[in-house]
Amino acid sequence: MMKTAFVTGATAGIGLATVRRLVADGWRCVATGRRQERLDALVAELGADKVQALCFDVRDTAAMDAALASLPEAFRDIDLLVNNAGLAQGLSAAQNANLDDWQTMIDTNVTAMVVLTRKLLPGLIERKGAIIAIGSVAGSYIYPGGNVYAGSKAFVNHFTLALRADLHGTGVRVTSIEPGMVETEFTLVRTGSQDASDKLYAGVNPMTGEDIADTIGWIAALPPHLNINRIELMPVNQDFAGFRVARD
Ligand code: NDP
Ligand code: 8X3
């Protein structure tokens, strides 16, 4: 029987590639995001029998509830939750950071993710489903200006592992995917500048949304007795050596 995935942040980048990949693999997908026209285009591309668009801001719990309640019968029984929607805002040092940016990251990456997960957990347990979250290497390795983004992604990485513990014995599989540089709209959103984004990725040969979607598709297709706990990916041209010293 065709299974249903719920992919947050499907209007761009990793989430968009994930919906394409899962549908190609035979899944039905609920695709979410705030940009209705992009969701409409995705439905037109892959078919209304395969993709159900839900346009809402994940930070708005009432809108989330209304969106979930609006799901047609065929898309109601979620077998796989892909916690992907998220963002970084700014790269300022903590002492100069904008508090609104910090709040946006916490509300989106942390609060909205846990709220949605809690709402979908009973059905996921009933169907012995799976949860895959997109954390980040930023949750494990520190870089200047990462501050609240890094903290929020450490939360995603760790909350996802904690879910695995709570779901012990339920048959629900839980995976934390922790990527490094993926060329998406991430840096455009973070900096507000396409030029800054192009410069960051120039010559790096970064990962693509499709690379991460391939990993998600692989994990989603594993047999039910096998759980990938966490997986960290980077482009070959990125590494994690980050120690610095300041001299007096
Ligand atoms: P994109 O900016 O390309 O995509 C982000 C997606 O999240 C969009 O679909 C966007 O939809 C959605 N989103 C953001 N805020 C909200 C909101 N308030 N309500 C609903 N949807 C929202 O970035 P990526 O694909 O790179 O990012 C996806 C995830 O991957 C994020 O969690 C990010 O932290 C993580 N990640 C990214 C890495 C990278 O290098 N790119 C590396 C490691 C992790 P819309 O704007 O339409 O609402
Ligand atoms: C995004 C990856 O290294 O730009 O999570 O913070 S990084």
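Is Leu163 buried or exposed, judged by its C-beta neighbours inside 10 Å? Leu163 counts as buried, because 21 C-beta neighbours lie inside 10 Å. The views below belong to a predicted model, in which local features need pLDDT of at least 70, side-chain atom pairs count only at pLDDT 80 or more, and totals for chains, interfaces and linings use all residues. Residues are numbered from 1 along each chain as its sequence is written, while chains are lettered from A and ligands numbered from 1 in the order in which they are written.

View 1. Leu163 lies in helix 5; helices (H or I, at least four residues) and strands (E, at least two) are DSSP runs, numbered from the N terminus. Burial is assigned by counting other C-beta atoms, placed from the backbone, within 10 Å of a residue's own: 20 or more make it buried, 12 or fewer exposed, and values in between partly exposed. Leaving aside residues up to four places away in sequence, Leu163 touches Ile131 and Val174, where contact requires C-beta atoms, placed from the backbone, within 7 Å of each other. Leu121 is 42 residues from Leu163 along the chain, and the two C-alpha atoms are separated by 9.9 Å.

**View 2. Packing of helix 4 against helix 5.** Two packed helices are described by the angle between their axes and the distance between the axes. Helix 4 (residues 99-126) and helix 5 (residues 147-166) pack at an angle of about 5 degrees, and their axes are 9 Å apart. The axes are lines fitted to C-alpha atoms, for helices over the stretch in contact, with angles running from 0 to 180 degrees between N-to-C directions. Helix 4 and helix 5 are therefore roughly parallel to each other; angles under 35 degrees count as roughly parallel, over 145 as roughly antiparallel, 65 to 115 as roughly perpendicular and the rest as oblique. On the helix 4 side, the contact is made by Trp102, Met105, Ile106, Asn109, Val110, Met113 and Val114. Helix 5 contributes Val148, Tyr149, Ser152, Lys153, Phe155, Val156 and Phe159. By class, the residues of this contact of helix 4 with helix 5 comprise 11 nonpolar, two polar and one charged. In this classification Ala, Val, Leu, Ile, Met, Phe, Trp, Tyr, Cys and Pro count as nonpolar, Asp, Glu, Lys and Arg as charged, and the others, Gly among them, as polar.

**View 3. Trp102 in helix 4.** Trp102 is found in helix 4 and is partly exposed, with 18 other C-beta atoms within 10 Å. Not counting residues up to four places away in sequence, Trp102 touches Ala97 and Val148. Gly171 is 69 residues from Trp102 in sequence, and the two are 36 Å apart in space, C-alpha to C-alpha.

**View 4. Helix 1 and the shell around ligand 1.** Among the 28 residues around ligand 1, Gly9, Gly13, Gly33, Arg34 and Gly86 come nearest; a residue is near a molecule if its C-beta atom, placed from the backbone, lies within 6 Å of it. Two or more residues of this shell come from each of helix 1 (13-24) and helix 6 (186-191). Helix 1 gives the most, with three residues. The shell around ligand 1 holds 12 nonpolar, 11 polar and five charged residues. Helix 1 itself has 12 residues and reaches 17 Å from its first C-alpha to its last, close to the 16 Å expected at 1.5 Å a residue, the expected span being 1.5 Å times one less than the number of residues. Because 10 of its 12 residues are buried, helix 1 is largely enclosed by the rest of the structure. Among the buried residues of helix 1 are Gly13, Arg20 and Arg21. Gly26, with a positive phi near 100 degrees, follows helix 1.

**View 5. Lys128 and its positive phi.** Lys128 has a positive phi of about 50 degrees although it is not a glycine. Lys128 sits in the loop between helix 4 and strand 5 (130-134) and counts as partly exposed, with 13 C-beta neighbours inside 10 Å.

Technical notes. Contact = placed C-beta atoms within 7 Å.
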